[in-house]
Amino acid sequence: MTRFGRRRRQSEGAGPSGDGDAVRRVSHRRRAFRTFLRHRLALLGTLMLLSFVVCAVFADHIAPHDPLELNLLSPFQKPGSPGHLLGTDNFGRDILSRLIYGSRISLTVGLVVVGIAAVLGTTLGLLSGYFGGVIDILVMRLVEIFAAFPFLILAVAVMAVLGPSIYNVMLVLGLVNWPIYARLVRSRVLTLRETPFVEAARAVGCSNARIMFVHILPNCTSSLTVTAAMSIAGAILATAALGFLGLGVQPPTPEWGMMLNEGKDFLRRAPQMITYPGVAIMLIVLSLNFIGDGLRDALDPHLRG
Amino acid sequence: MLTYLVRRILIAIPVLLGITFITFALLHLTPGDPVRIMLATEQVTPEVAERLTEFYSLDKPWYVQYAKYLGNLLRGNLGVSITSRSDIASSIAQRLPNTILLAFSSMLLALVIAIPAGIVSATHRNSLLDYTSLTAAMIGVSMPSFWLGLLLLLQFGLAWKILPIWGVGRLSNGLWDFISHLILPSLTMGVGLAALLTRLTRASMLEVLTQDYVRTARAKGLRERLVLYRHALRNAMIPVITAAGLQLGYLLGGAVIVESIFSWPGLGRLTIQAIQKRDLPVIQVSTLIFAVCFVIVTLLVDVLYTFIDPRIRYD
């Protein structure tokens, strides 16, 4: 029974005539991969992201100093001073080491946020699109209500009430982000629901849950992957924004947005305190955007904007 | 048209109700007694606490509280700030125009940059110019606005000292005073949007240029300038204007950050100040106002859309 679902999915990227003969089916994934590789910026983005991942995983071995180690005798060291490639901050902490450890926070929060939002949004979108009726109306109203808040405003307000902490950041951003996924999945389900393979699955007596999760969901993965890549970038930016406002991860944890927040009081004295964390945020977001563009071209060409 | 308008407004009502419910629930997310938390930083007499409990009906079940909250909102009674003891409605009325001014000037700036850049990019596809503007747009989209704001403030305000970095200008001090105060905050908010709209203008122009009516225009021997600006651009602008309108709502959200960098006396700064003082009623109301503005903007864009693109008919 799964064969129907899978056949449809694999033939999908093969274009409008994708009836999925054997040769095409085998080559679809490989072709998507090749398209991605041909996308030079996407490759560059992957390399950049990989270096952030390496920093995050091996931070203990790469970072020249302990990110929390205070050295009150040598604050505001200029970049390039001995032992401190990017200088030190107001407490004499090594900025490079703090940036390296900061990639852990950003990547973790980004992944968890997208995980929460995608699971929640996908489930609600599936239910809404598949069953229609009252469920659909309720879910879509909920989507509209959540979408009516400027994203950051709602996050800021809830963080203010719940109190700042890294777990609340993940929870709040995840709960605020789900509507995109719900909308996306619902619109895919509405088309897929009417396709012959779903009808066939129903005819042989598959349960609703089985049709939704085994037959329909795999056909949404392309669009979901593209959206997820883009929204990890958004989540990382939002985490940094909350940190910058003092509502996110709390000191002394090295988080990029919070480093900017600390640096803004020493703009003239130590511009390195704001320059480098900003560059780090920009590079990681840039790399995810490049990857997202590449994935879109490879997996989901009709999304091309 | 009228039926569409009425229907569109009717659809907005449940959304507005939902928004009020979420902002209402916000106050109750706080673990423990909201009044005690609100007053944690303040020395107050028991009677003030009692008045607050009375105002929010905290001793009643939640649906009574919600009904009272809605009733107060409908009567324009937005409550009183705990820290400044002033009427919230009047402090919002004072600050909202500043935020709207900032949002519009950022939007204007973004459009002034994005439309020419997008057109040049599309007409010189795959040239060096195109790649430069695409790269700039990609960087612009990825740059956090709070970082850009700090860099601009450092360079133009502190190092070169050529632009003011604090507060809002007054027209009574001359036009330059007014405009110069707007420049840095608008740039901070507008650059990301400009980048987004550049990409969109380019894509939209490229698509329109492949249309039959453009080919016809060229075939009948029109000058390229005329083809571009009279035939292509007008149609290419439709998605750009729509996106710009919707982004206006998101600009409101960005106000929280930009206003706190440049001490801009708007709604965003009010929110952040309220958060720092844990002034829950102000947080609640300003969140609500942001969302209501957002709904109104979206509604206006939807309606405007039917005027811009006569092919779209909702009724």
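**View 1. Where chain B meets chain A.** In this predicted model, 38 residues of chain B are in contact with 35 residues of chain A, contact meaning that the two C-beta atoms, placed from the backbone, lie within 7 Å. Seen from chain B, helix 1 (2-28), helix 6 (128-142), helix 7 (145-159), helix 8 (175-209), helix 10 (224-261), helix 11 (267-276) and helix 12 (280-308) each put in at least two residues. Helices here are DSSP runs of H or I with at least four residues, strands are E runs of at least two, and both are numbered from the N terminus.

**View 2. What the chain B side is made of.** The residues of chain B that touch chain A sort into 29 nonpolar, nine polar and no charged. Nonpolar covers Ala, Val, Leu, Ile, Met, Phe, Trp, Tyr, Cys and Pro; charged covers Asp, Glu, Lys and Arg; the others, Gly among them, are polar.

**View 3. Inside chain A.** Chain A has 13 helices and zero strands. Of the contacts in chain A with a separation of 6 or more, 69% join residues 24 or more positions apart.

**View 4. Confidence.** Chain B averages a pLDDT (per-residue predictor confidence, 0 to 100) of 85, with 93% of its residues at 70 or more. For the complex, the predictor gives an ipTM of 0.87 and a pTM of 0.86.

**Notes.** Residues are numbered from 1 along each chain as its sequence is written, and chains are lettered from A and ligands numbered from 1 in the order written. Local features need pLDDT of at least 70 and side-chain atom pairs count only at 80 or more, while totals for chains, interfaces and linings use all residues.
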